[in-house]
Amino acid sequence: MANDYESLLATVIQYERDLRVTMSAAEGLRQEHLKLKQAHSEMRSHATELQEALEMSKKQNLYLTAELERVQRESEERHRQLYSQLCAKKKDFEELHRQIVEGRDKD
């Protein structure tokens, strides 16, 4: 009977050791789980920040595209005006030149 008791005691002691190892492993897993939850939360927060930055970038891109188109239109209009003025000045110059040449020819 003493042998049965010692065997049972050894089994209980082994179970206690196994339980401590299991509890320690479970605590390690719990800590790892908490770290992963924190990392996941940080990643979601970062993803939200990136999404907001992307949306802001899209809005800025739309604004800048519209501004570029406006400046191009204004530049083209200004070019047309200056070209028209240049053509008028050229005609004036040609007329003045013709008058000068005709005046020389009369002399």
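Analyst: A residue is called buried under 20% relative accessible area, exposed over 50%, and partly exposed in between, using a 1.4 Å probe and protein chains only. By that scale Arg-98 is partly exposed, at a relative accessible area of 36%. The model is predicted, so local features need pLDDT of at least 70 and side-chain atom pairs pLDDT 80 or more, while totals for chains, interfaces and linings use all residues. Residues are numbered from 1 along each chain as its sequence is written, and side-chain values use heavy atoms, without hydrogens or water.

The setting comes first. The chain has 1 helix and 0 strands; helices (H or I, at least four residues) and strands (E, at least two) are DSSP runs, numbered from the N terminus. The radius of gyration of the chain, 45 Å, is well over the 13 Å that the globule rule gives for 107 residues, so the chain is more spread out than a compact globule. That radius is taken over C-alpha atoms, and the rule is 2.2 Å times the number of residues to the power 0.38. Along its principal axes, the C-alpha trace spans about 155 × 20 × 10 Å. Buried residues make up 0% of the 107 residues in the chain. The accessible surface of the chain comes to about 10,300 Å², and 59% of it belongs to carbon and sulfur atoms. Areas come from the Shrake-Rupley method with a 1.4 Å probe, and for residues only the protein chains shown count as cover.

Gln-14 and Glu-95 are 81 residues apart in sequence and 118 Å apart in space, C-alpha to C-alpha. Glu-27 and Ser-57 are 30 residues apart along the chain, and their C-alpha atoms are separated by 44 Å. Gln-14 is partly exposed at 36%, and Glu-27 is partly exposed at 36%.

Now the charges. The chain has 18 positive and 21 negative side chains, and the centres of the two sets lie 7 Å apart. Lys and Arg count as positive and Asp and Glu as negative, leaving out His and the chain ends; each charge is placed at NZ of Lys, CZ of Arg, CG of Asp or CD of Glu. A search of the whole structure finds 9 salt bridges, each being a side-chain nitrogen of Lys or Arg within 4 Å of a carboxyl oxygen of Asp or Glu.

Among them is the pair Lys-58 and Glu-55, whose closest N and O atoms are 3.9 Å apart. Both residues lie in helix H1, 3 residues apart, or about one turn of the helix. Lys-58 is partly exposed at 44% relative accessibility, and Glu-55 is partly exposed at 34%.

Another salt bridge joins the side chains of Arg-80 and Glu-77, at 3.1 Å from N to O. Arg-80 has a relative accessible area of 48% and Glu-77 one of 36%, so Arg-80 and Glu-77 are both partly exposed.

Glu-95 forms a salt bridge with Arg-98, and here the closest N and O atoms are 2.3 Å apart. Glu-95 and Arg-98 lie in helix H1, 3 residues apart, which is about one turn. Glu-95 is partly exposed, with a relative accessible area of 32%. Elsewhere, salt bridges that share partners join Glu-67, Arg-70 and Glu-74 into one network.

The surface also has a nonpolar feature. Tyr-5, Leu-9 and Ile-13 form a nonpolar patch on the surface, with about 290 Å² of accessible area together. A patch takes residues with over 30% relative accessible area and no salt bridge, joining like charges within 9 Å and nonpolar side chains (Val, Leu, Ile, Met, Phe, Trp, Tyr) within 5 Å. Ile-13 belongs to helix H1, residues 2-106. At a relative accessible area of 32%, Ile-13 is partly exposed.
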